[in-house]
Amino acid sequence: MEEAKQAVFEEEYFLTPAECNPQGRMPITLLINRLIEVATLHANQLGIGFASLVDRHETWVLSRVAVEMGRYPRWNERYRIATWVNSINRLFSERDFEILDGEGRVIGHARTVWAVMNTDTRQVADISHMEWVREFIPQRECPVAKPGRLRPLTAFESHPYRFTYCDMDFNRHVNSSRYIELLLNQWDLAFHDSHRLTRFEIAYLREAVYGEEVEVRICPADAETYLAELAHDGEGLCRALLRFRETEGYVPRVGG
């Protein structure tokens, strides 16, 4: 029997110690991977997932993300992610998320923008044929701001990096979370011990491929906020905003 289509789809997870960052919390990279996973499961249930696109030589790609977290799940903690379609038009679909702890308390939200890419031409495809999905858009609001318009950096610190095999994903381009890891690695362990990422935005501008050498560029915007981008031959691959909040600092666990 075909599973009934749901306007709001929810999945539960358990955060293992092996998945945690050095502060014993869920890393933003894992969170965004989970958002992609839950979005994929919901798209499959609605009938607009991979199986419906593969014969058209098309696939969903994540274009923009904005995440705000009051706190992150901790090791050995259960958490849930709920998602729903916010809008859909000829070129893009907006999808929102709510992140809850094991007790059902809301601990964060995310807003995303998706496009469909033709895997032969590598160009954005027309998704007008999916506009029927509007009947499954719930009357539900996401309380955080949409991803902002991020401008190219004009002043920055720069570090080189060349993409290798382990940076690649199923679509044979650089995995979306790998961009984020490169950005977060620009701050040392002590900084991450004493600061928590509270808002993160990223706009994916162009796919990166195996062997490309890029510049990782960082520029402070204010005391808590940094702007960043990855660039190849002067062309932006992605732009990001990272807002941190200073905490009391992480105390390492003694004895494992």
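Predicted model: local features only at pLDDT ≥ 70, side-chain atom pairs only at ≥ 80, totals over all residues.

Colleague: In which strand is T112 found, and which residues does T112 touch?

Modeller: T112 belongs to strand β5, which covers residues 106-118. Leaving aside residues up to four places away in sequence, T112 touches L62, R64, V65, S93, E94, R95, D96 and F97. Its side chain also takes part in polar contacts: the side chain of T112 reaches the backbone oxygen of R95 at 2.7 Å, and it makes a polar contact with the side chain of W114 at 2.9 Å.

Colleague: How does one look for empty space?

Modeller: Rolling a probe the size of a water molecule over the atoms shows where empty space is left. In this structure, a search of the whole model finds one cavity of 30 Å³ or more, and the volume of the largest cavity is about 40 Å³.

Colleague: What is the volume of the largest pocket, and which residues are closest to its centre?

Modeller: The largest pocket holds about 1,000 Å³ of space. Of the 38 residues that line this pocket, W60, V61, L62, N171 and H173 are the closest to its centre. Helix α1 (28-46) gives the most to the lining, with seven residues, and by class the lining has 20 nonpolar, 12 polar and six charged residues.

Colleague: How many residues line the second largest pocket?

Modeller: The second largest pocket, with a volume of about 360 Å³, is lined by 20 residues, and N21, Q23, P27, L184 and H192 lie nearest its centre. The elements that give two or more residues to this lining are α1, α3, α4 (189-194) and β7 (195-204), with β7 giving the most, at three residues.

Colleague: Why can helix α3 be called largely enclosed by the rest of the structure?

Modeller: Burial can be read for a whole element as well: eight of the nine residues of α3 (residues 176-184) are buried, and therefore the helix is largely enclosed by the rest of the structure. Among the buried residues are Y179, I180 and L184, and L184 is also one of the residues that lie nearest the centre of the second largest pocket.

Notes. Residues numbered from 1 in each chain as written. Heavy atoms only, no water. Buried < 20%, exposed > 50% of the residue type's maximum accessible area, 1.4 Å probe, protein only. Helix = DSSP H or I, 4+ residues; strand = E, 2+ residues; numbered from the N terminus. Polar contact = N/O pair within 3.5 Å; in protein donor to acceptor, adjacent residues only side chain to side chain. Contact = heavy atoms within 4.5 Å. 1 Å grid on protein atoms, 1.4 Å probe; cavity = no way out; pocket = protein on both sides within 12 Å on 5 of 7 lines; lining within 4 Å. Points joined across faces, edges and corners; volume = space filled by probe spheres on them. Nonpolar A, V, L, I, M, F, W, Y, C, P; charged D, E, K, R; others polar.
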